[in-house]
Amino acid sequence: MSTLVIVIQIILAGMFSISSFMKLKRTSSMVQHWNEYRYPMWFLTLTGLGELAGVVALLAGFRFPALLPYVGLFFVALMVGAVHAHLFRAKHRPVMAINAALMLALSVVMIAAT
């Protein structure tokens, strides 16, 4: 496994761990964003659990690298949804979608590099 893939795994695992924690803990900022997206609160929990499952799969990818393209595809789908939520549902300024776009790009690079 290449060093690039390992670095991306670590970055994605860290970022999605934080994001998952914020969603499952229902921090005030996350609830506020979710209200702006006009999504139901049960979807916040489901998304947080999905991100947590993705983190577990990323960590398992250190032992089973064949998992990584699938985890990458899952994160691509999540981040396309996140960019859409920021830009079109909540009509945030584009700067609000930078983190999601970066995680999307890292996921694509991870898929391509595996």
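What follows is a set of questions and answers on a predicted model.

Colleague: How far does α4 reach from its first C-alpha to its last?
Modeller: Helix α4 has 22 residues. At 1.5 Å a residue, the expected span is 32 Å. The span in the model is close to that value, at 30 Å.

Colleague: Which helices do the buried residues of α4 pack against?
Modeller: The buried residues of α4 are L68, V71, G72, F75, V76, L78, M79, V83, A85 and H86. Their packing partners are α1, α2 (28-37), α3 and α5.

Colleague: Is H86 buried or exposed?
Modeller: H86 sits in helix α4, which covers residues 68-89. Beyond residues up to four places away in sequence, H86 touches Y37, K91, H92, M96 and A97. Its relative accessible area is 10%, so under the 20% cut-off H86 counts as buried.

Colleague: Which residue with a positive phi follows α4?
Modeller: Most residues other than glycine have a negative phi. The residue after α4 has a phi near 55 degrees, and it is K91.

Colleague: Which helices cover the buried residues of α1?
Modeller: Helix α1 has 23 residues and reaches 33 Å from its first C-alpha to its last, close to the 33 Å expected. Its buried residues are V5, I8, Q9, L12, A13, F16, S19, S20 and K23. The cover over them includes α2, α3, α4 and α5.

Colleague: What separates the C-alpha atoms of A13 and V109?
Modeller: A13 lies in helix α1 (residues 3-25) and is buried, at a relative accessible area of 10%. A13 touches V55, L58 and L59, not counting residues up to four places away in sequence. V109 is 96 residues from A13 along the chain, and the C-alpha atoms are separated by 15 Å.

Colleague: What is the area of the nonpolar surface patch that includes L59?
Modeller: L59 is in helix α3 (residues 41-60). Together with M1, I10 and F62, L59 makes a patch of about 390 Å².

Colleague: How far apart are the closest N and O atoms of K23 and E51?
Modeller: Side chains of opposite charge can pair when their charged atoms come close. The count comes to 1 salt bridge. This pair links distant parts of the chain, with K23 in α1 and E51 in α3, 28 residues apart. In the salt bridge of K23 with E51, the closest N and O atoms are at 3.2 Å.

Colleague: What is the relative accessibility of E51?
Modeller: K23 counts as buried at 6% relative accessibility. E51, to which K23 is joined by the salt bridge, also counts as buried, at 2%.

Colleague: Where is R26?
Modeller: R26 follows α1 and has a positive phi of about 55 degrees although it is not a glycine. At 37% relative accessibility, R26 counts as partly exposed. R26 lies in the loop between α1 and α2.

Colleague: Is R38 buried or exposed?
Modeller: R38 lies in the loop between α2 and α3. Its phi is positive, near 65 degrees, in a residue other than glycine. Because its relative accessibility is 53%, R38 counts as exposed.

Conventions:
Residues numbered from 1 in each chain as written. Predicted model: local features only at pLDDT ≥ 70, side-chain atom pairs only at ≥ 80, totals over all residues. Heavy atoms only, no water. Helix = DSSP H or I, 4+ residues; strand = E, 2+ residues; numbered from the N terminus. Buried < 20%, exposed > 50% of the residue type's maximum accessible area, 1.4 Å probe, protein only. Contact = heavy atoms within 4.5 Å. Patch = residues over 30% accessible without salt bridge, like charges linked within 9 Å, V, L, I, M, F, W, Y side chains within 5 Å. Areas by Shrake-Rupley, 256 points an atom, 1.4 Å probe, with all protein chains shown as cover. Salt bridge = Lys/Arg side-chain N within 4 Å of Asp/Glu carboxyl O. Expected span 1.5 Å × (residues − 1).
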